[in-house]
Amino acid sequence: QNTSPSIHLPNKLLIFLELHQDELLKIPTSTMSYLTGSVTAIKKCSCRSTVQIKTCNPLSAVFLLHDKRTLGLLSDFSALSRIIGRKAASVVANTVVKTVPVSDCVRFALVRDHPSVRSIIKDVLNYDYTAGEDTGNDIFASIKPPTWMIECLLEAVHNRGNFVLKKSSSGKGEGMIYGQTSSHQKWIEVLFGSSSGCYVL
């Protein structure tokens, strides 16, 4: 739990809390109800008339949007327009940086349709990543990721300098890999290695 020094203003005491997900999960339910503005919890508190709770980031954002794979949905105009309409989806599309979850189904589609990528993987990883043999499961063959995701991953294979890789559940730049400074070997290992599912592009 990280706390900054308290700030005293006339008749007020301001306390700031910066809590990570694991720290929030350790807070007792009764306390969490109060911090999130539960009417019932506030009514039971004797100091309700003098205390105000301000949450900078809603818990839905802390626990859901913190996972960067969510940005994959926000980047998909077609899927998003079916949920919130084309007009609103256009606004989001012009705001959110295109993000591709480096998932098995996206990698499968790329490798299946682009022999040159299979060749690169074989040269770098010494692994014959032929369609179907990499998973042993036909389920990925029936999934069709958005074309733009496949094209983005293909572009990243050949022009890594235009991309960065981030761990989907990490924050503050932890584990970030810059294509401009990464070696070709490291880049391909992360894109097509066993840990690739933990990253977004």
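Which residues in α8 meet which residues in α9? The close-up views below, taken from a predicted model, begin with that contact.

**View 1. Helices α8 and α9 cross at roughly 105 degrees.** Helix α8 covers residues 104-113, and helix α9 covers residues 115-125. Their axes come within 5 Å. An angle from 65 to 115 degrees counts as roughly perpendicular, so α8 and α9 are roughly perpendicular to each other. On the α8 side, the contact residues are L110, V111, R112 and D113. They meet P115, V117, R118 and I121 in α9.

**View 2. A salt bridge joins R107 and D104.** The two side chains meet at 2.6 Å, N to O. Both residues belong to helix α8. R107 and D104 are three residues apart in this helix, which means that about one helical turn separates them. Side chains of opposite charge can pair when their charged atoms come close. A search of the whole structure finds two salt bridges.

**View 3. Helices α6 and α7 meet in a right-handed crossing.** Helix α6 spans residues 77-84, and helix α7 spans residues 86-93. The axes come within 7 Å and cross at roughly 135 degrees. The two helices are therefore oblique to each other. From α6, the contact is made by F77, L80, S81 and I84. From α7, R86, A88, A89, S90, V92 and A93 take part.

**View 4. Helices α10 and α11 pack at an angle of about 155 degrees.** Helix α10 runs over residues 147-158, and helix α11 over residues 184-192. Their axes lie 10 Å apart. Angles over 145 degrees count as roughly antiparallel, so α10 is roughly antiparallel to α11. L153, A156 and V157 make the contact from α10. Their partners in α11 are W187, I188, L191 and F192.

**View 5. Four residues form a nonpolar patch on the surface: L25, F63, L64 and L65.** Together they have about 430 Å² of accessible area. Helix α4, residues 59-65, gives the most to this patch, with three residues. L65 lies in helix α4.

Definitions and conventions. Residues numbered from 1 in each chain as written. Predicted model: local features only at pLDDT ≥ 70, side-chain atom pairs only at ≥ 80, totals over all residues. Heavy atoms only, no water. Patch = residues over 30% accessible without salt bridge, like charges linked within 9 Å, V, L, I, M, F, W, Y side chains within 5 Å. Areas by Shrake-Rupley, 256 points an atom, 1.4 Å probe, with all protein chains shown as cover. Helix = DSSP H or I, 4+ residues; strand = E, 2+ residues; numbered from the N terminus. Axes fitted to C-alpha atoms, helices over the stretch in contact; angles between N-to-C directions. Parallel < 35°, antiparallel > 145°, perpendicular 65-115°, else oblique. Left-handed = near helix turned anticlockwise from the far one by under 90°. Contact = heavy atoms within 4.5 Å.
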